[in-house]
Amino acid sequence: MRVLQGIVCVIGASVIIFIASRVSGDVTLLLLPPDAQPEQHEIMRRELGLDKPYVVQYLIFASKAVRGDFGNSYRWQMPALQLVLERLPATIQLAVCALIFSVMTALFFGVLSAVYQGSWFDNFGKIFALLGQAMPGFWVGLMFILFFAVKLGILPAFGREGYEHFILPAITLGWYSVAAQTRMVRSAMLDVLDSDYIQTARAVGVPKKILIWKYALRNAAVPLVTMLGVYFAAMLGGSFIIETIFAWPGVGRTVVDAIFARDYPVVQAGVLFTSIFYVFSNLLVDLTYGLIDPRIRYVR
Amino acid sequence: MAVREKIPLLSVENLKTYLFLRRGVVKAVDGVSFQVQERETLGIVGESGSGKSMTCLSILRLIPEPAGRIVEGKIILDGTDILQVDEQEMASQVRGRKISMISQDPLTSLNPVFSIGDQVGGPFRYHGLKKDRKGIREAVVDVLRRVRIPSPAQRLKDYPYQFSGGMRQRVVAAMAIACGPRLLIADEPTSALDVTIQIQMLQLLEEIQQETNVGLILITHDLGVAAYICQRIAVMYAGRIVEFGDVRTIYKKPSHPYTQALLNSVPRLGEKKKRLFNIEGQPPDLLNPPIGCAFWPRCDRRRDICQQEYPPTIPIDREGYASCWLLT
Amino acid sequence: MTSQSAPARNKSSIRWMLRFPWIPMIILFMVFSSALLGPIITPHKHGALNLGLAMKPPFWQENGSMSYPLGTDNMGRDILSRIIMGARITAIVALWAIPFSGAIGALMGMIAGYFGGKIDMLIMRLVDIQMSVPSLALALILAASLKPGVATVIIVIVVTYWTWYARIVRGEVLSLKERDFIALARVAGCSAWSILLKHFLPNIFNTLLVLATLQLGSVITYEASLSFLGLGIQPPDVSWGLMLADARPYITVAWWVIALPGLAIVITCLGSNLFGDWLRDTLDPKRRQL
């Protein structure tokens, strides 16, 4: 049932993308040099199918899209779908790395802040989270480049050759979510540490380290894990700008370039696929909840 | 019967546990002393806020920090003062191993995301009693059987929500007795249970005591429960023991006005009374406890001196005592 | 007992003064006064090119001078002036975009929540669908289609952000709908619109206000992202995001051109976040009794 809703969303998304692209009116104005003759505009318009009414255009687009034909890129004369799919793995990889980074950081800082509540570590963490939330992700990325790549020269800032190329972009992409996730983990952990069942475990002599990292953590991680899908979707959203900064060969950067070039087939294909993943990861949220909390598993 | 002078299993001497809050200091436990023998059941009776739970948390050193602190006293278990032991040794040697606790609310005492096999296996694993998975599994099944969980081997992978309240309480009991403790503390083990299940729980505790000679401290506000299973009773009020003694003596001839009031509050079958007896007044404010006897605002036989000075401890019979000016 | 209340009241007003967000207010005051006074207080004209003085570092470094306190960029423009003018644009964008998106979002949220049924489903479907498209992507596409500029940025922000307000307002309306005073108003024969305006609006106003303040930082960052990518504010207007984009090729040579505008963004966001937090805590009905 949820899947159905998701499909509706994707279809709706495609409509929105379509409309947004066409809002300006005549595309050919931007594609042809300014001194082109009106007839050339006409020819191009007909070639690209832009002379038909919008509804017809959309239907043609949709029917082709379902079959996997997103048309050819205006710039590269290649199927738009192929362009997008080639670059999709790079984006997914980056998003996954970013998610791993943010979750690990959030768990580490969140748990320790809760356990040592009120200590300098906790206060330091709070201030850091506050600052982190105020800093725009892309600026952080630029600062990282400035500091690590330019001044210190130890980490690469462009491209995707080796695993060290992942470090700066992944941290920057994950940056957006770290503050919120840390706060969530800390707050959940504080609640759990106060609970009766942790007291029971303490009373039977479970050592402190295991108490925190095995027993309490599993309970505190529940809200975070259920939101993983949402955070992954957020990473996908942030990929547009982060990939542009780090020259990362992923869908995000491709779409941004395509938008500038008014290369609509690529734009449509790229954003639509990102939307599909977006919707998909939000759906995944419900499924993961059942895995973590055994009570829900059986209620279905 | 000759009185045997045994070395007590547990000896609590002048225990004082205070809570240092922003608003002031709460003297939750203010000079409590008692002893528990092997195979004996001591009941601690009182209202909420009397300090009974805090006393037992203090024995296990589980009081909430940093606000709470044991400021004075000795707790001697089998000859060793466990207040001097460091935290790590406390966790690995004492808690769960020599002293165990069954807490009050079975619905929240078990971790919802771990199976009961995992949780009951915890004590075995962390006290090093069993090393391999098979050994732990067998031990868990065995202890679950002892607490009368049906078909324990099949239920190891089940989660707490799949058990009823009474069963969950038994699982908690299993965790407590897993490593064969010398002292068991049961904090209101029956308060959250149905009346019919309560008896079963008490019987279970008795069986465990007979099997293992464990000393039992039972905390309760229910006098009927206390009468059923305890040999001696300590009545607590505002952080102190106001009366102590053999269960029969206390029920037949209570000496302290508070104890008398408690007993009068329990309606008895066959008695015709127009109104239920109620103890007047409110429980004491522990931030600003009254000077003198803490019970004097609610006592119907109070004298002036009760307000000025705390009453001395007057011995009663062989082992009992009470703190009241009326007895002098 | 009565003698205790007088000192208690003094104590709580002192506490109120201590808790008052002085620093965020100062920050916000600085930003908005830059916005208002703009061209009057800039030491130089923000667009004045002076290639001879290009790439001067800030005054505390060697080669810098107090006449260009924060240095100059690659075209010799004074960075401090540009930052001040950037504050102006930011303020304009925020002051238009936030009320509009809030109003539209609140309206949709109220309609959806109050009337329920098919209308609710329709509106929420719309919200879901729009939220399926990554917001920045949608913004970029829109901005490219319409001509980039201040007006476009405002429109794009409104289109992207109304959904947040709609969702939250709908939630509030749903919880208020069942309350007695609404039923009484209905019984009294008030029309739906008057109920919405006179009864719901005052109650959700607080939430709206807090939400709007907390959105300020997000809107600023959003505008900066758009401008950075080139689809937001266009020259000769200045925006902090635009300054960052201009500075990017010179990152190896001049750190201040890229660090300082970003710092302006951070400080402003920090100020508005803290202010929003304070506002939320103060307006929280659970606190009002104090």
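This is a predicted model: local features need pLDDT of at least 70, side-chain atom pairs count only at pLDDT 80 or more; totals for chains, interfaces and linings use all residues.
The crossing in which H7(A) passes H8(A) is right-handed. On the H7(A) side the contact is made by A:Gly137, A:Val140, A:Gly141, A:Phe144, A:Ile145 and A:Phe148, while H8(A) contributes A:Leu168, A:Ile171, A:Thr172, A:Trp175 and A:Tyr176. Sorted by class, the residues of this contact are 8 nonpolar and 3 polar, with no charged residue among them.

## A helix pair in chain C

Chain C has 11 helices and 0 strands, so that its pattern, read along the sequence, is α-α-α-α-α-α-α-α-α-α-α. Of its 290 residues, 43% count as buried, and among the contacts in chain C between residues at least 6 apart in sequence, 70% join residues at least 24 apart.

Within this chain, helix H3 (residues 79–115) and helix H4 (residues 117–132) of chain C pack with their axes 7 Å apart, at an angle of about 145 degrees. The crossing of H3(C) and H4(C) is left-handed. C:Met108, C:Ile111, C:Ala112 and C:Phe115 of H3(C) meet C:Gly117, C:Ile119, C:Asp120, C:Ile123 and C:Met124 of H4(C), and this contact divides into 7 nonpolar, 1 polar and 1 charged residues.

| Helix pair | Axis separation | Angle |
|---|---|---|
| H3(C) and H4(C) | 7 Å | about 145 degrees |

The contact of chain A with chain B takes 21 residues from chain A and 26 residues from chain B. On the chain A side, helix H9 (196–203), helix H10 (208–226) and helix H14 (294–299) each supply at least two residues, and H9(A) gives the most, with 7 residues. By class, the side of chain A that touches chain B has 10 nonpolar, 5 polar and 6 charged residues.

## The two sheets of chain B

Strands of a sheet pair through backbone hydrogen bonds, and the pairing may be parallel or antiparallel. One sheet of chain B is open and has 4 strands in the order S2-S1-S4-S5, with antiparallel pairing. Its edge strands are S2 (24–36) and S5 (80–81) of chain B, each of which pairs on one side only. Strand S4 (residues 68–77) of chain B runs antiparallel to S5(B) and is joined to it by 2 bridges, and the bridge partner of B:Ile76 in S5(B) is B:Asp81. Helix H1 (residues 52–59) of chain B packs on this sheet, where it touches strand S1 (10–21), S2 and S4 of chain B, and its direction makes about 70 degrees with that of S2(B).

A further open sheet of chain B has 8 strands in the order S6-S7-S8-S3-S9-S10-S12-S11, and its pairing is mixed. Strand S6 (99–102) and strand S11 (313–316) of chain B stand at its edges with a single partner strand each, so one side of each has no neighbour in the sheet. From one strand to the next, the twist averages 20 degrees. Strand S7 (residues 183–187) and strand S8 (residues 215–220) of chain B run parallel and are joined by 5 bridges; B:Ile185 has B:Ile217 as its bridge partner in S8(B). Helix H6 (residues 165–177) of chain B packs on this sheet and touches S6 and S7 of chain B, its direction making about 175 degrees with that of S6(B).

Terms used
Residues are numbered from 1 along each chain as its sequence is written. Chains are lettered from A and ligands numbered from 1 in the order in which they are written. Two strands pair if DSSP finds at least two bridges between them. Two residues are in contact if their C-beta atoms, placed from the backbone, lie within 7 Å. Axes are lines fitted to C-alpha atoms, for helices over the stretch in contact, and angles run from 0 to 180 degrees between N-to-C directions. A crossing is left-handed if the near helix is turned anticlockwise from the far one by less than a right angle, and right-handed if clockwise. Ala, Val, Leu, Ile, Met, Phe, Trp, Tyr, Cys and Pro count as nonpolar, Asp, Glu, Lys and Arg as charged, and the others, Gly among them, as polar. A residue is buried if 20 or more other C-beta atoms lie within 10 Å of its own, exposed if 12 or fewer, and partly exposed in between; C-beta atoms are placed from the backbone.
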